[in-house]
Amino acid sequence: MSHDPPKEPHGFATRAIHAGQDADPTTGATVVPIYATSTFTQEAPGSHKGYEYSRSGNPTRAALETCLASLEGAERALAFASGLAASTAVLSTLRPGDELVASADLYGGTYRLLERVFRPMGVVARYTEASDPASFEALTTPKTKLVWIETPTNPLLQILDVREIARVAHEAGAVLAVDNTFASPYVQRPIGLGADLVVHSTTKYIGGHSDVVGGAVMGPRSLLEPIQFYQNAAGGVPGPFDAWLTLRGLKTLALRMERHNANALELATWLESRGEIERVYYPGLASHPGHALAGRQMDGYGGMISIRLRGGGPAATRFLKATRLFSLAESLGGVESLISHPATMTHASIPVEVRAARGVDDGLVRLSVGVEDVRDLRADLAQALERLSE
Ligand code: P1T
């Protein structure tokens, strides 16, 4: 796969630094300024320079949105205050009685949003445990309006076939939305594979430095129109400083992802050789059931690894406490390595009977591999594994 849609004159790394980021028209500032203003002075009622009020639009946010659209190969992007605010905006296009089909393995907060916010409003989600397109097809009904997937999934790193699931969604008359947070647009561009909408928690790889929470939705103008209405009407927008931090992080996405990919592949390969570990979930390993598909639809395999320790929950708890460079923390995609326990942290809001059968239980540990020296990361994991037998 190429990072660059055929119509793009510049490559991905160039667009990350320049798209939407021309010199400031009033001052010549080379870097997009933080337009810290809630409102914009008008020359006469309705006569203005394109901005009226920062909920409806702000130049710093507009620069971020233009850059994000370019990197995902989308006509437009809309930025939100968090990844879940972005997901909510997409789900707000559904009406009571509408249904959606989703992969069962997904971020716990997305499951909570579907079950605790949207289901009581009459929007019904049906989940497939399997990752094959036929299992999605089996759950579609004439009421299905949306198909929602993550790939790679959080936390089991399943790889779903975007092209085939897009075909299934379109045959059912539904829209396919892909939460591309785990891959980042450097590693995977779902719109080029046939998806209609892309959703991101920009908190993760896009921001890249664990210093800002944000989200985004990308897609064609026609589908983004009602979502933009919702963005302004409901108001979950990022402030200009958050938009600026996210844009600053985005400039180095290509560089960072190369290192995340390389570090994670090296660590996953090494972890697979360790006797303390029962299973390594990483799409870059030949042992991963989605390895060939990942090779076709991704550029690299990303920076996320999950592992299952032979000693189950007790071993996982010891391991989580024993790492030093890998910080025990929720979130992912930053330059620093993190370690987390999905069952009690990111996926705790999914009832245990819903997640345990698929393996999101006390024995599962998730690693967000950062961009540090890989030798140091390996040494940190090695000393933590060695402490399991003390
Ligand atoms: O945290 P927020 O920016 O609202 O993004 C939510 C979200 C959406 N989609 C995916 C795939 C995610 O992983 C997340 C957030 N996830 C974590 C905080 C986590 O540690 O998995």
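User: Hi! Which atom of G83 lies 2.9 Å from an oxygen atom of the ligand?
Analyst: Hi there! A backbone N or O atom of G83 does. That makes a polar contact, meaning a pair of N or O atoms within 3.5 Å. Keep in mind that this is a predicted model, where local features need pLDDT of at least 70 and side-chain atom pairs count only at pLDDT 80 or more, while totals for chains, interfaces and linings use all residues. Residues are numbered from 1 along each chain as its sequence is written, and side-chain values use heavy atoms, with hydrogens and water left out.

User: What about S201 and K204, how far are they from the ligand?
Analyst: An N or O atom in the S201 side chain is 2.8 Å from a ligand oxygen. For K204, a polar side-chain atom lies 3.2 Å from a nitrogen atom of the ligand. The protein buries 92% of the 480 Å² that the ligand exposes when taken alone (Shrake-Rupley method, 1.4 Å probe).

User: Which residues come nearest to the ligand?
Analyst: D179, T203, K204, S331 and R366, out of 17 residues around the ligand. Being near here means having a heavy atom within 4 Å. By class, this shell has 3 nonpolar, 9 polar and 5 charged residues, with Gly counted as polar.

User: Why does the ligand lie between two domains?
Analyst: Because domain 1 (12-250) and domain 2 (254-389) both give residues to the shell around the ligand. The bounds come from an automatic or database domain assignment.

User: Which pocket does the ligand sit in?
Analyst: The second largest pocket, as "sits in" requires more than half of its atoms within 2 Å of the pocket's grid points. A pocket is an open set of points on a 1 Å grid over the protein atoms alone, with protein on both sides within 12 Å along at least five of seven lines, and lining residues have an atom within 4 Å of a point. The volume of this second largest pocket is about 360 Å³. Of its 23 lining residues, G83, Y107, T181, S201 and K204 are closest to the centre.

User: New topic: how many cavities of 30 Å³ or more are there?
Analyst: There are 2. In a cavity, a 1.4 Å probe fits but cannot get out. The largest cavity holds about 50 Å³ of space, and its lining includes L64, F80 and D242.

Definitions and conventions
Polar contact = N/O pair within 3.5 Å; in protein donor to acceptor, adjacent residues only side chain to side chain. Points joined across faces, edges and corners; volume = space filled by probe spheres on them.
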